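Work through the exercises below with the sequence and the coordinates at hand. Each task is followed by a solution that goes step by step.

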Amino acid sequence: MTVTEPPGVAPGNRGNADFVRSAMAPAAKPPSSEVGAIAWLRHNLFTGPLNTLLTIGLVLLGYWTIPPLVDYLFIDAVWTGSDREACIYTAERTKVGACWAFVVDRAAFFTYGFYPLAERWRIDVFFVLLVIGIVWLLHLRAPRKDLAAIYGFVFLPVASFLLLSGTPSLGLPTVPTNLWGGMMVSVVVSAVGIVVSLPLGILLALGRRSNMPAAKLFCVIFIEFVRGVPLITVLFMASVMLPLFVPDYMQPDKLLRALVGIALFASAYMAEVVRAGLQALPKGQYEGAMSLGLGWGQMMRLIILPQALKITIPNIVNTYIGLFKDTTLVVIVGIFDFLKAIEASRIDPTWAAPTVSTTGYIYASIFYFFCCYAMSAYARSVERRLAVADKR
Amino acid sequence: MKKLLVTAALAAATAFAASAASAQTLNAVKQKGQLACGSNTGLAGFGQPDAQGNWTGFDVEYCRAVAAAIFNDPTKVKFVPLSAKDRFTALQSGEIDLLVRNTTWTLSRDTSLGLEFGPVSFYDGQGFMVRKSLKVASAKELSGASVCVQQGTTTELNLADFFRANKLQLKSVTFATSDETIKAYDAGRCDAFTTDASGLYAERLRLANANDHIVLPEIISKEPLGPSVRHGDNQWWDIVKWTHYALITAEELGVTKANVDEMLKSENPDVKRLLGTEGKFGEAMGLTNDWAYRVVKHMGNYGEMFERTVGQGSQLKISRGLNDLWSKGGLQYAPPIR
């Protein structure tokens, strides 16, 4: 009797168990609908009728909007030129896209405003110092955070003030704030708002939750009063009404008035954000801290605030983004922020052409989007890092 | 609410003005070393920043002319950009010394705000713009035409009045903002577009094909624009008024920025009185006798200023029209300097 050897069975093992495979059969190929690009499409874009519809709709939307947008922003755009002639329709140029030549021509004004030409390097230095401060303070692996804090909260404000406003004793001529403008004003106003509002907001929030009636009453009145009026009204009062009641020589600077207004306004909102974080913590945290014998200050500093601020990061950043965009309202009191600088330039007859206004606004939106997106992206990365503790 | 605030502010301001009246603005300005001038936050041809961040425009040059008369230096001006809402309070509170911000001179403003209006530096008024292809030469031929106009403005009311008075049929198409209005006109929603004439010229340049549109000759409303000062300081008011008259007189006499130095040698008694080689007219105002020479030397005469900022030398190319000299069919007229 001849034994037919089943394929894949080693000859030496024949006697033991002929029916046992000693090597794996090759795996069959998965059905073609489950691998490769087709499967990915099926699983991600065409899972059901609703998703299919949505996918088709979005593709069509992209098809209708993206090519014209690319045409407008890049292909038909005008990149060079010195006045409106570059961007108007002519017999040869029947399609005119974005007039970037206008932005190029006015870029210095958009950035520095009315700041004297010879002194503009001071603003450049300020921007560099600011970027160093931001990176040093915010980069997670940066060395010497203690020095960074001193740099960011003591050196930088003082140096910026001396630089921008001028110190004749250091050979920097004074530049009055009515000459400040453009991106620089937007950055200064939001930076002051952001830096002042968090500590002030924390103090107000703690005050509101405090057991001391006078402090509590003051904080409640301040927060509710400020939140009860629109920012425009605050700025308008500060700029129009204040000068009527104070003598000439005592009048605070116009920009300073706006800065104080915005910082106080943002603080009131920040206080409510922080209070939400304080209230979200379980009572056990407070009791635990107290049972360890910590004083009120230690309890807040070591136990409560770190946790409360951590949960409120999304809301804090949300307030910051709102504040950053609200700075455009300083135009009400005649301060030329970034957006107003663009608006004032777009009406200039030298550059009066059909697409100039749109181009100016596109430039503004790029700037504001970049700043706001950077803030929210950073906040998300911090959230992710802090959330590691919760996953343990 | 905002209106209430403004009213309250103005009431307070008027009370305040009485005490400020005796204050000598000229001395204060000389002491500060610069003229604080209320200007527009951005109006084509009248006040707008250029690429270097210098203020330019017709109203702006007026401020510079006054500064030139006082300091012999047209750069000694601090421009305070003001919105329509806060311009009068800024003047009342002393934040600015002079307001030159395309402000229309009206009776109520003149009498109830504690202001003095200077002479009219620019006669503006509502006009019409149409497509050339419409083949219309006068606004009176616009019967049945649809007209794009901004909502809730005096412009809208003037338009209705003009069409009613001339027994024309009006189809007005209204929009909330001036940007929307001009966009709609450009897109062909209406046959004509109406706003103040100075604005028409500026908006025309932003149309897709500026050369396909013309501004009709009719002006259907009175918008006299001019500088204003605080009530009560007559010396200061005189300086502002006579700076304007000096600019007009210089144009009448043919004194220009280029030839002003030669004109110092002129034998014409009018020129001599203007440029201060004869008489002590400047000192009577608290200035130097060569005040008008300084103005013309730095800024040129009225015609030069006009052409440079809004006229043929600019992109706007507004014709002189009512702003021509009285001797050439316009309204600009200066009392004699003697």
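**Exercise 1.** How many residues of domain 1 of chain B are in contact with residues of domain 2 of chain B, and how many residues of domain 2 do they meet?

Solution. Begin with the bounds in this predicted model: the domain assignment of chain B places 2-123 + 224-328 in domain 1 and 126-221 in domain 2. Counting contacts across that division then gives seven residues of domain 1 of chain B and four residues of domain 2 of chain B. By class, the side of domain 1 that touches domain 2 consists of four nonpolar, two polar and one charged residues. As for the placement of the two domains of chain B, their C-alpha centres are 31 Å apart.

**Exercise 2.** Describe the side of chain B that touches chain A.

Solution. The count comes to 35 residues of chain B in contact with 34 residues of chain A. On the chain B side, α1 (2-20), β2 (48-49) and β4 (77-82) each supply at least two residues, and α1(B) gives the most, with five residues. Sorted by class, this side of chain B holds 18 nonpolar, 13 polar and four charged residues.

**Exercise 3.** Locate the largest nonpolar core and follow one of its residues.

Solution. The largest nonpolar core has 160 residues, and those with the most contacts inside it include Ala258(A), Leu35(B) and Cys63(B). Helix α9 (residues 254-280) of chain A contributes the largest share of this core, 13 residues. Turning to Cys63(B), and leaving aside residues up to four places away in sequence, one finds that Cys63(B) touches Leu35(B), Cys37(B), Ser39(B), Val77(B), Leu98(B) and Val100(B).

Technical notes: Residues are numbered from 1 along each chain as its sequence is written. Chains are lettered from A and ligands numbered from 1 in the order in which they are written. This is a predicted model: local features need pLDDT of at least 70, side-chain atom pairs count only at pLDDT 80 or more; totals for chains, interfaces and linings use all residues. Two residues are in contact if their C-beta atoms, placed from the backbone, lie within 7 Å. Helices (H or I, at least four residues) and strands (E, at least two) are DSSP runs, numbered from the N terminus. Ala, Val, Leu, Ile, Met, Phe, Trp, Tyr, Cys and Pro count as nonpolar, Asp, Glu, Lys and Arg as charged, and the others, Gly among them, as polar. A nonpolar core is a set of buried Ala, Val, Leu, Ile, Met, Phe, Trp, Tyr and Cys residues joined through C-beta atoms within 7 Å. A residue is buried if 20 or more other C-beta atoms lie within 10 Å of its own, exposed if 12 or fewer, and partly exposed in between; C-beta atoms are placed from the backbone. Domain bounds come from an automatic or database domain assignment.
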